[in-house]
Amino acid sequence: MSTTAIDRGGVALEGLPEHANVPWRPRADEAAIIQAGQRWTRSMLAHVVPISATGLFFMLLGPVPAVVGLILLAHAWAIPELYANRGAGVLRSRRPVASTAEGRALLLLGDLVSDEARRVHGETGLILEHGKLGVWLLAEAGAVLVAPGGRRVFCYCVKATGRDLPTSDRIAHLLLALRCDEYGFVTVANLGFSGATWRLRRRLAPEHREALREATRAAVQGLGYR
Amino acid sequence: MPKLIRLDQTGHTMLAEWSADDQTTFEAAAAAFRAQLDRGYFGLVSLSDGRAEQVTELPVDAPMVILRRPIAGG
């Protein structure tokens with residue numbers, strides 16, 4: 001990891017230091033992220049197409065095999081839904097406890113973000129952040145990246161390692177790490193799902209759907225990319 | 001006045017304040033900063049363009065330096 005002197009007398013580090021904890025992972029870049037999305041699509045097709053084809057074949061054989069065919073088709077439908085549900089899980093949060101600590105954490109988080117992000121957080125509990133790779137939605141234990149164009153999402157499991165941190169504090173940890181090094185953030189996080197935005201939207205809580213709608217709109221319009 | 005803030009279980013804790021003109025307060029803040037780095041925290045400065053920069057020494061004139069815990073894939 002290289003260092004560069006900065007004007008204010010401190011010494012700035014390039015890259016997220018947490019990458020040292022996962023040295024086997026190559027540093028992510030745009031191409032790697034696109035490839036990860038393509039792998040998810042190929043993997044889904046590899047699951048769904050053979051099962052669907054087999055199901056259709058059974059349905060053509062007659063009424064009794066058709067029952068098996070229906071079961072297989074349901075299975076083919078369920079597999080992507082289960083993965084999308086896993087992706088939606090990264091945005092699920094414990095309900096924030098009204099406490100002094102949570103209030104203090106919320107104040108600091110509010111200071112770190114824009115008016116727009118404060119409004120979205122107030123309505124949905126998620127922080128909307130514009131990055132180089134697209135538009136991010138941050139929760140306490142995960143993040144969703146809406147890729148430019150708004151048609152594909154990447155759901156990452158990632159969280160602060162401290163225990164007993166307030167919800168807003170956990171979000172602030174992710175926000176600061178993301179702002180420090182977006183590619184490092186993607187490298188350290190675990191990809192839980194990548195796929196169509198509409199597939200994820202169906203599995204989200206209503207308030208999170210609203211946040212995803214806002215993020216998708218920004219990603220379509222290319223608003224605020226750094 | 002520049003502040004050194006740690007994200008922790010209390011929401012956040014202000015560990016030190018210093019003035020660029022007052023070497024004593026800055027040295028005290030720098031010592032507190034180094035102690036937190038030794039405990040595993042990372043220091044960050046928010047930049048005006050929306051990015052953040054990780055620092056290993058306390059910058060004299062950054063308005064706010066935030067200490068955070070490491071993150072990890074879940």
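Helix H3 of chain A passes helix H5 of chain A in a left-handed crossing, the near helix being turned anticlockwise from the far one by less than a right angle. The model is predicted, with local features requiring pLDDT of at least 70 and side-chain atom pairs pLDDT 80 or more, whereas totals for chains, interfaces and linings use all residues. Residues are numbered from 1 along each chain as its sequence is written, and chains are lettered from A in the order in which they are written.

H3(A) (residues 100–112) and H5(A) (residues 167–180) pack at an angle of about 30°, with their axes 7 Å apart; H3(A) is therefore roughly parallel to H5(A), a term that covers angles under 35 degrees. Helices are DSSP runs of H or I of at least four residues, and strands are runs of E of at least two. Axes are lines fitted to C-alpha atoms, for helices over the stretch in contact, and angles run from 0 to 180 degrees between N-to-C directions.

Between the chains, 30 residues of chain B are in contact with 40 residues of chain A, contact being defined by C-beta atoms, placed from the backbone, within 7 Å. Strands E3 (42–46), E4 (52–55), E5 (64–68) and E6 (71–73) of chain B each give two or more residues to the side of chain B that touches chain A, and the largest share, four residues, comes from E4(B). Strand E6 (residues 152–160) of chain A pairs with E6(B) in the antiparallel sense over three bridges, where pairing requires at least two DSSP bridges, and A:Val158 stands opposite B:Gly73 in E6(B).

How values were computed. Two residues are in contact if their C-beta atoms, placed from the backbone, lie within 7 Å. Angles under 35 degrees count as roughly parallel, over 145 as roughly antiparallel, 65 to 115 as roughly perpendicular and the rest as oblique.
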